[in-house]
Amino acid sequence: MKRKSTSYIYNDVEHEDEHEQQQDRLSSLPDVLLIYIFSFIDTKLALQSQILSKRWVNLWTLLPVLNFDYSLLQRFDHFIHKVLTYRNASIKLDAVNIKLTDYNTMATVFNYALVNRVPNLSIDTSDYLTKYRPIQCLNGTDSLRKLELKGMFEFGRFSVCSGLVKLRLERVKIVESDPFSCFPNLKELCLVNCKMGFDLSVLEVIGFELLRLTISSCFYHPVPYEKLVLMTPKLKVLEISGLIPMSFEACELPGLDTVHIDCCFSFVRAFDRIVQQPDEGEQKVNLIKMFWCLRNAKCIHLSPSTVKLLSLSHDKLDEEPCPFVNLKVLNLIPPPNKPVGELHSSVATYLLRGSRKAVVKTLPG
């Protein structure tokens, strides 16, 4: 028994030595690496690390990335003020990512990021705000390169932001018909579950440097936006999911390479009643009209619902000329966990008539 007890004691000492070695390895890391690690966690946790070592007392003030999450703090606005006031102003901020519930605090952080020329900014108010509130950049900037807004913002025209190359809007209300031309160097634009003001019937995407455009499940009233206009001559990738716009116009898209289309239609509730969205026939007409604007596409991905929509009117497709003249790959995305359905011959003929050498694939989207 005595020998067994000694063994246990020895194992405990060995475990403590191993733990101390692990602590020593962490303490031996250079400041630059510790700061890099802290940039991936919430700023509150980075600030709390100062109690672990005297050497870490001021490390949080050197962070180039600030991450704030209101759910981790009670006096969130006080904490934000403290961090912005006492951080080392000589350290350039690379990014600010904030999830919050208070509009005034959001405005403070947004303006601070613009004044301090932060290139990457992400703001998420989706968990709390129930009323659309405006967000504006009145003086413009050439430093902001990536902007992500999620929540109930009213998004209109900014002053010119010449440095912005990537913009993502989610659950945002667009209140101007031409909100993107103030970003002359924008290359990627993503709109997810956005809405348009009731007084707007057209959305114009004007971006002469735009390469990638994603529009997903946007503009339910519960009908689709009446008109989508693209002035994007360098566009290479277009992704559209949800309802097809009633009218689609685009300038010549000579470099268009890839198109993803996932059109869907269903019943939605609006003002305490069930409202039917545009029927299949109307959506099919909108879809075929849109195809003509995308005729230069080389690779087309169609969801099962999009193929089904075409199949419902297969008897009329024989009279429709195929718009695609440069098509190389037609990808018919299979339904999840289901075998690939047989493509109706008239649909296949319609899609491939202009490009006999195009390859047909069935790959997940």
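**View 1. A salt bridge joins Lys 234 and Glu 209 in this predicted model.** The closest N and O atoms are 3.0 Å apart. Lys 234 sits in the loop between strands S13 (227-231) and S14 (237-242). Glu 209 sits in the loop between strands S11 (202-206) and S12 (212-216). The pair links distant parts of the chain, 25 residues apart. Lys 234 is partly exposed, at 41% relative accessibility. Glu 209 is also partly exposed, at 22%. The structure holds 10 salt bridges.

**View 2. Arg 212 pairs with Glu 239 in a salt bridge.** Their closest N and O atoms lie 3.4 Å apart. Arg 212 belongs to strand S12 and Glu 239 to strand S14, 27 residues apart. Arg 212 is partly exposed, with 33% relative accessibility.

**View 3. Glu 249 meets Lys 227 in a salt bridge.** The N to O distance is 3.1 Å. Glu 249 is in strand S15 (residues 247-250) and Lys 227 is in strand S13, so the pair ties together parts 22 residues apart in sequence. Both are partly exposed: Glu 249 at 37%, Lys 227 at 28%.

**View 4. Helix H4 (residues 76-86) has buried residues.** They are Phe 76, Phe 79, Ile 80, Val 83 and Leu 84. Seen down the helix axis, these buried residues fall within an arc of 125°, so they line one face of H4. Asp 77, His 81 and Tyr 86 are exposed on the other side. The buried residues pack against helices H3 (43-48) and H5 (103-115), and against strands S1 (65-69) and S2 (95-99).

**View 5. Five residues make a nonpolar surface patch.** Val 32, Leu 33, Tyr 36, Ile 37 and Phe 40 form this patch of about 530 Å². Tyr 36 is found in helix H2 (residues 31-38).

Key: Residues numbered from 1 in each chain as written. Predicted model: local features only at pLDDT ≥ 70, side-chain atom pairs only at ≥ 80, totals over all residues. Heavy atoms only, no water. Patch = residues over 30% accessible without salt bridge, like charges linked within 9 Å, V, L, I, M, F, W, Y side chains within 5 Å. Areas by Shrake-Rupley, 256 points an atom, 1.4 Å probe, with all protein chains shown as cover. Salt bridge = Lys/Arg side-chain N within 4 Å of Asp/Glu carboxyl O. Helix = DSSP H or I, 4+ residues; strand = E, 2+ residues; numbered from the N terminus. Buried < 20%, exposed > 50% of the residue type's maximum accessible area, 1.4 Å probe, protein only. Arc of directions from axis to C-beta. Contact = heavy atoms within 4.5 Å.
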